[in-house]
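Thanks for coming. I will go through one structure today, starting with its bonds and then its charged pairs.

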Amino acid sequence: QVHLVESGGGFVQAGESLRLSCTTSEPIFFINAMGWYRQSPGKQRELVAELTSIPGGGRPNYADSVLGRFAISIDGAKNTLNLQMNNLRPEDTAVYYCNARILSRNYWGQGTLLTVSS
């Protein structure tokens, strides 16, 4: 089974930057797609950013709310998925989850909490 471990969450003020990381037990280029999702109280888990077709080079998609502020990337040597988050806003506060898809199966990490104060 694929194991995913997130790190990098914390407490920041609005306008600051932070980077989240997700390390996978599987060689990352054996994974079809990976992404970051987030969930805040009272809301459904939502897609933040993803990379599809990773074995073919990777194709990024972003939620409209983070487009231009966040950047998703892969470090193949470290089997790590990163999310660079710039100009953070209080509404970005959530638990962020790493997701991996291999064929029809989905795998999830335990999440890392980001809190952005105004």
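**Disulfide and salt bridges**

A disulfide, meaning a pair of cysteine sulfur atoms within 2.5 Å, joins Cys22 to Cys98, with an S to S distance of 2.1 Å. Before going on: this is a predicted model, where local features need pLDDT of at least 70 and side-chain atom pairs count only at pLDDT 80 or more, while totals for chains, interfaces and linings use all residues. Residues are numbered from 1 along each chain as its sequence is written, and side-chain values use heavy atoms, leaving out hydrogens and water.

Back to the disulfide. The torsion about the S-S bond of Cys22 and Cys98 is about -80°, so this disulfide is left-handed. Cys22 is buried, at 0% relative accessible area, and Cys98 is buried at 0% too. Buried means under 20% relative accessible area, exposed over 50%, and partly exposed in between, using a 1.4 Å probe and protein chains only.

Now the charges. The structure holds four salt bridges; a salt bridge is a side-chain nitrogen of Lys or Arg within 4 Å of a carboxyl oxygen of Asp or Glu. Which residue does Arg69 pair with in a salt bridge? The partner is Asp92, and their closest N and O atoms are 2.9 Å apart. Both Arg69 and Asp92 are buried.

Glu46 and Arg38 also meet through their side chains in a salt bridge, at 2.9 Å from N to O. Here Glu46 is partly exposed, at 36% relative accessibility, whereas Arg38 is buried at 6%. Arg38, Glu46, Arg69 and Asp92 are linked in a network of salt bridges.
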